[in-house]
Amino acid sequence: MKITGIDEKKCSACGVCVQECAAGIYSVNGSKHVTHDDPYNWCTGCGHCVAVCPKDAIIYTAHEKTLEYPDKDISIKDVEKLLHTKRSIRRYKNKDVPEKEIEKLLEIMRFAPSGHNAQPCEYVVVKDREKIRMLGQATIASFKSFKKLIKIRKLLKPFIPKAFYEILSDRGTALGVDELIRQYESGKDIIFFDAPVLILAHVPNLGGLSYVDPTIALTYGMLAAHALGLGSCWMGFAMMAVAKHKKILQLLNIPKGRFIAGVITFGYPVHTYYRVPVRNKIKAEWYV
Ligand SMILES: Cc1cc2nc3c(=O)[nH]c(=O)nc-3n(C[C@H](O)[C@H](O)[C@H](O)COP(=O)(O)O)c2cc1C
């Protein structure tokens, strides 16, 4: 959204927008109304001024109207229930997910926060079984490359973190990778679990923070999916394998300069979960 001014007739000069705006483009002019001045285009279009103005006095242009939720009561019990009962799903029914349901997820992901309100995420929805198979194969190829790293780990030791060296040296790692490859090659989809839908998020490669926005947006999607009776799972192996895989980026028409920063499976879960798995105790240092 683009802020274009303030409706002086509506503005009561309460100054809430001045306090709320992170870009500092509002100021109280005397007492009658607030002025809006943004000569350096500092406004990120976050829309907080519009959201917070009690008089609806901020003038903006946008492709849609703002949503309004006059009733702001959200029970912590419901939030806990949603978060506790959402599982990572590794067995999906052989049942199509209607496009309307996928559109609902994308629509909710659209409202995720992003750094500087840049909204950098774009998505690829893959229902095509052949494309899903190709993504799975690219992931298995990365397992095979990983096996080569295991073989030359002693040469790599001075250049890699100690924890990674230990993973490469663990006998269980080598056996586990071999077993995954064996199962996949015998026809079991241990990568995507026969999920009928994948959603991939791609973003520009802007360094360290690049993963944060897609992670938040996809998490919104996974939580929304749970509320719709759909299961999901973050696909870490696939994501690492295809992030910058030239052929896969081409296959999915991902524009140059962008990379895949998240891969999620979606589908109807086969199993019912009766209990919430136990988690470790929280470790948190408090400075009060
Ligand atoms: C970053 C990340 C990567 C993951 N990658 C995979 C994966 O490649 N394959 C898989 O089966 N599960 C994957 N998972 C799911 C985790 O194994 C799962 O979250 C964990 O076991 C806890 O289970 P829960 O999500 O049902 O509570 C991943 C989860 C996260 C957050």
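Over the ring of which residue does the charged end of K95 sit? Select K95 together with Y268: the charged end of K95 lies over the Y268 ring, 4.2 Å from its centre, where sitting over a ring requires NZ of Lys or CZ of Arg within 6 Å of the ring centre and within 35 degrees of the ring normal.

Before going on, note that this is a predicted model, in which local features need pLDDT of at least 70, side-chain atom pairs count only at pLDDT 80 or more, and totals for chains, interfaces and linings use all residues. Residues are numbered from 1 along each chain as its sequence is written, and side-chain values use heavy atoms, with hydrogens and water left out.

Next, select F259, which has K244 over its face at 5.1 Å from the ring centre. F259 is buried at 3% relative accessibility, whereas Y211 is partly exposed at 35% (buried is under 20% relative accessible area, exposed over 50%, partly exposed in between, with a 1.4 Å probe and protein chains only).

The whole structure holds four aromatic pairs. For another of them, select F146 and F164, whose ring centres are 6.4 Å apart with planes at 50°, so this pair is tilted. F146 is partly exposed, with a relative accessible area of 21%, and F164 is likewise partly exposed, at 29%.

Technical notes: Rings of Phe, Tyr and Trp (its six-membered ring) pair if their centres lie within 6.5 Å; planes under 30 degrees apart count as stacked, over 60 as edge-to-face and the rest as tilted.
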